[in-house]
Amino acid sequence: VDASTDMNTAFEKFKKLMLAHAVERSPHAVLIFSVEDVEKLTEFMLNSYFRHFKLYKFIFTTKEQVTLEQQLPHGVEVPGVSRALDNALTQSVTYTQPPEPPEVEDPTAMEEEAARDSRGEGAAGEEDAPVDNAGAEVGLGNSPDE
């Protein structure tokens, strides 16, 4: 008997099974119970099982139990219990100074030196004469023009 069966349906099924076992019609029915046995079994079932049908149905029906588990949205986890300060882990910290960066030469001085080398001047320790915008040397007062 399943959970949706009522008492009348269960009694009809009982009568059908008793009839199938009270007559000899092989292979569909096999004579197991006599007429007196059928009467006694029917009386017993009416006075015990069908009288307490709701009780038996409640006891033998499987129940589904729903368990709800609540979770925080977006997978956020609750932090665990923190340790007491007496039980804290020790941490040793060592501070070191970063190494000094290498000195970089002035790029304008390097360009001037490269320009002198390309003109061939200044290689023998000569002093460079000032040059005007037109590229001619500016005299220091020794020229006849001045």
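Predicted model: local features only at pLDDT ≥ 70, side-chain atom pairs only at ≥ 80, totals over all residues.

**Helices, core and rings**

Guide: Start with α2: it has 13 residues and reaches 19 Å from its first C-alpha to its last, close to the 18 Å expected at 1.5 Å a residue. That expected span is 1.5 Å times one less than the number of residues, and helices here are DSSP runs (H or I, at least four residues), numbered from the N terminus.

Visitor: Which residues of α2 are buried?

Guide: Val38, Thr42 and Met45. They cover an arc of only 65° around the axis, which puts them on the same side of α2. The arc is taken over the directions from the helix axis to the C-beta atoms, and buried means under 20% relative accessible area, exposed over 50%, partly exposed in between (1.4 Å probe, protein chains only).

Visitor: And what's exposed on the other side of α2?

Guide: Glu36, Glu39, Lys40, Glu43 and Phe44.

Visitor: What do the buried residues of α2 pack against?

Guide: They pack against α1, where contact means heavy atoms within 4.5 Å.

Visitor: What's the mean pLDDT of the chain?

Guide: It's 78, and 80% of the residues reach 70 or more; pLDDT is the predictor's confidence in each residue, from 0 to 100.

Visitor: Which residues make up the largest nonpolar core?

Guide: There are 7: Ala10, Phe14, Met18, Val38, Met45, Phe50 and Phe53. α1 gives the most to this core, with 3 residues. By nonpolar core I mean a set of buried Ala, Val, Leu, Ile, Met, Phe, Trp, Tyr and Cys residues joined through side-chain atoms within 4.5 Å.

Visitor: Rings now. How many aromatic pairs are there in the whole structure?

Guide: A search finds 8. Rings of Phe, Tyr and Trp (its six-membered ring) pair if their centres lie within 6.5 Å; planes under 30 degrees apart count as stacked, over 60 as edge-to-face and the rest as tilted. Tyr49 and Tyr56 have ring centres 5.2 Å apart and planes at 20°, so that pair is stacked.

Visitor: What about Tyr56 and Phe60?

Guide: Their centres are 6.4 Å apart and the planes are at 15°, so this pair is stacked too. Both residues lie in helix α3, 4 residues apart, about one turn of the helix. Tyr56 is partly exposed at 29% relative accessibility, while Phe60 is exposed, at 66%.

Visitor: Which residues do the ring pairs link into a cluster?

Guide: Phe11, Phe14, Tyr49, Phe50, Phe53, Tyr56 and Phe60.

Visitor: Last one: where is the cis peptide bond?

Guide: Between Ser26 and Pro27, with omega about 0°. Pro27 lies in the loop between α1 and α2.

Terms used
Residues numbered from 1 in each chain as written. Heavy atoms only, no water. Helix = DSSP H or I, 4+ residues; strand = E, 2+ residues; numbered from the N terminus.
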